[in-house]
Amino acid sequence: MKKVVYFLISSSLFISCKKVNNAEVTTTTKDTQELVDTADVDIKDQVFDINSIPVSSADLGDFPFFCAPNDAKYINNVKPKDFDFIVFATPNDIFEVEGKTFRAWIHNENGKEVTSRYLFKSYDDAILKAGGVKVFEGNLTEERLKKYQELVTYKGSDGTFIPAGDSQMVCYVINHASGPIYIVYEKKGYPSASIQIVQQAAFKQTIERITSDKI
């Protein structure tokens with residue numbers, strides 16, 4: 001599993017970020033001036049916290065926010081669901097996120113050729129520019145994979161995949177002013193992919209008690 005984390009975890013250290021040779025590093029206290037490459041940080045004991053991610057006010061347009069890139073399309077006429085869930089992974093947890101949901105397969109359009117690299121870079125760039133943060137990238141193995149399979153009761157529908165073998169799971173969060181957005185992208189070596197998007201929102205009950213004046 002790649003240990004790549006772009007979000008900040010609650011800490012007593014004063015942290016400032018720099019770019020050195022295209023790698024993100026952090027500077028701890030001024031006394032030590034120690035540089036730490038985040039790609040090598042052991043994050044197994046760190047806890048994901050949406051509140052540690054800067055709030056984005058980017059204009060994202062309408063849900064699901066991201067169209068398919070040129071020469072690609074969402075297949076099977078998929079549509080957003082007002083309330084559903086996706087299963088999301090962080091370096092140390094797997095959990096459900098509920099809200100307005102979109103899940104889709106991404107394929108080439110009209111016989112035009114696309115590559116897996118093109119698809120991934122298209123979404124990765126768009127999500128990061130929208131204020132997104134990558135919180136997990138890699139495969140799920142053993143107990144984590146078992147837990148994922150138990151939670152993904154929607155498996156078999158559009159946009160679902162098993163994050164093992166050639167299919168890696170790339171998880172992003174946009175802590176948007178209109179509500180947190182969680183994104184799961186399937187990264188693999190084939191010219192297709194899938195994406196799952198949910199804007200987190202609480203369930204709203206619409207069932208009311210029947211009274212005689214409503215019959």
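**Entry 1: an aromatic cluster**

I started with the rings and found that F48, F88, F95 and Y182 form one aromatic cluster. I note that this is a predicted model, where local features need pLDDT of at least 70, side-chain atom pairs count only at pLDDT 80 or more, and totals for chains, interfaces and linings use all residues. Residues are numbered from 1 along each chain as its sequence is written, and side-chain values use heavy atoms, with hydrogens and water left out.

My pairing rule takes rings of Phe, Tyr and Trp (its six-membered ring) whose centres lie within 6.5 Å; planes under 30 degrees apart are stacked, over 60 edge-to-face, and the rest tilted. By this rule I get 11 aromatic pairs.

**Entry 2: two pairs up close**

How are the rings of F95 and Y182 arranged? Their centres are 6.5 Å apart and their planes stand at 90 degrees, so I wrote down edge-to-face. F95 belongs to strand β6 and Y182 to strand β9, so the pair links distant parts of the chain, 87 residues apart. I took helices (H or I, at least four residues) and strands (E, at least two) as DSSP runs, numbered from the N terminus.

Next I checked cover (buried means under 20% relative accessible area, exposed over 50%, partly exposed in between, with a 1.4 Å probe and protein chains only). F95 is partly exposed at 21%, whereas Y182 is buried at 4%.

Then I looked at F120 and Y185: the ring centres are 5.7 Å apart and the planes are at 50 degrees, so this pair is tilted. It also links distant parts of the chain, with F120 in helix α1 (residues 116-129) and Y185 in strand β9, 65 residues apart. F120 counts as buried at 10% relative accessibility, and Y185 does too, at 2%.

Is strand β10 (residues 193-200) mostly covered or mostly open? I found it mostly covered, with seven of its eight residues buried. For pairing, I needed DSSP to find at least two bridges between two strands. Strand β6 (residues 93-108) runs antiparallel to β10, joined by eight bridges, and T101 has V198 in β10 as its bridge partner. Strand β9 (residues 179-187) is also antiparallel to β10, with five bridges; there V184 stands opposite Q196. β9 and β10 form a hairpin with five residues between them.

**Entry 3: charges over rings**

Last, I looked for charges over rings (NZ of Lys or CZ of Arg within 6 Å of the ring centre and within 35 degrees of the ring normal). R103 has its charged end over the ring of Y154, 3.9 Å from the centre. R144 sits likewise over F136, at 5.3 Å.
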